[in-house]
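Here is a short tour of a protein model for anyone who likes to look at the parts before the whole. Keep the viewer open and follow along.

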Amino acid sequence: MTDRRSAPAIFGRRADLLLPEAVYRDLVATLFSMSAPILGFGILYALVGTLVFLSCQDDKILAMACCASAVTVIRLMIIRGYHQAGGIAQDLGALRRWERRYAWLTYSCAALIAALNVSVL
């Protein structure tokens with residue numbers, strides 16, 4: 001019988017506990033330095049969604065493009081909020097909360113990308 005603690009999942013819920021605090025702080029800080037790529041991708045999604053909508057006149061496509069634009073704005077607001085709250089200098093509990101918010105918005109963005117692809121195909 002193997003002990004689960006001897007080989008923890010890297011992508012598990014408690015993976016942050018496997019890292020030294022300084023490394024975890026640096027990784028979270030890297031996430032919150034992605035404003036330009038997030039903005040660029042949000043603009044790209046809106047452009048592609050608009051072009052697809054104009055081509056097929058499907059209201060679902062327009063709704064997805066609008067949702068993606070909203071998610072992009074919220075993601076940028078979360079990044080700004082993280083920096084206004086103190087950035088990397090915050091306590092670990094606060095960093096975990098910011099990381100969870102970032103992750104859920106990233107999951108939302110990925111779901112919208114998948115939905116657009118499935119709808120187009």
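This is a predicted model: local features need pLDDT of at least 70, side-chain atom pairs count only at pLDDT 80 or more; totals for chains, interfaces and linings use all residues.

A residue is called buried when its relative accessible area is under 20%, exposed when that area is over 50%, and partly exposed in between, using a 1.4 Å probe and protein chains only.

Residues are numbered from 1 along each chain as its sequence is written, and side-chain values use heavy atoms, with hydrogens and water left out.

**The overall picture**

The protein chain has four helices and zero strands, in the order α-α-α-α along the sequence. Helices here are DSSP runs of H or I with at least four residues, strands are runs of E with at least two, and both are numbered from the N terminus. Of the 121 residues, 26% count as buried. The chain exposes about 8,300 Å², with carbon and sulfur atoms supplying 67% of it; accessible areas come from the Shrake-Rupley method with a 1.4 Å probe, and for residues only the protein chains shown count as cover.

Contact means heavy atoms within 4.5 Å. Among contacts in the protein chain with a separation of 6 or more, 70% join residues 24 or more positions apart.

**Where α1 meets α4**

How do α1 and α4 cross, left-handed or right-handed? Helix α1 covers residues 21–31, and α1 passes α4 in a left-handed crossing. The contact is made by E21, Y24, R25, V28 and L31 on the α1 side and by L92, L95, R96, E99 and Y102 on the α4 side. A crossing is left-handed if the near helix is turned anticlockwise from the far one by less than a right angle, and right-handed if clockwise.

Two packed helices are described by the angle between their axes and the distance between the axes. For α1 and α4 (residues 92–120), the axes come within 11 Å and cross at roughly 35°. Axes are lines fitted to C-alpha atoms, for helices over the stretch in contact, and angles run from 0 to 180 degrees between N-to-C directions.

R25 pairs with E21, and their closest N and O atoms are 3.0 Å apart. Both residues lie in α1, four residues apart, about one turn of the helix. R25 is buried, since its relative accessible area is 15%, whereas E21 counts as partly exposed because its value is 43%.

**Links across the sequence**

Leaving aside residues up to four places away in sequence, Q90 touches R25, Y82, A85, L95 and W98.

| Pair | Separation in sequence | C-alpha distance |
|---|---|---|
| Q90 and R25 | 65 residues | 9.2 Å |
| A22 and I88 | 66 residues | 9.6 Å |
| S108 and V71 | 37 residues | 7.4 Å |

A22 lies in α1 and is exposed, because its relative accessible area is 53%. S108 has its place in α4 and counts as partly exposed because its relative accessibility is 31%.

T72, in helix α3, counts as buried because its relative accessibility is 10%. With residues up to four places away in sequence not counted, T72 touches I38, L39 and G42.

L19, V23 and L27 form a nonpolar patch on the surface, with about 220 Å² of accessible area together. Patches are made of residues with over 30% relative accessible area and no salt bridge, joining like charges within 9 Å and nonpolar side chains (Val, Leu, Ile, Met, Phe, Trp, Tyr) within 5 Å. V23 lies in α1 and counts as partly exposed, because its relative accessibility is 35%.

Finally, look at the loop between α2 (35–56) and α3 (59–84), where Q57 is found. Most residues other than glycine have a negative phi. Q57 is not a glycine, yet its phi is positive, about 55°. Q57 counts as exposed, because its relative accessibility is 51%.

Terms used. A salt bridge is a side-chain nitrogen of Lys or Arg within 4 Å of a carboxyl oxygen of Asp or Glu.
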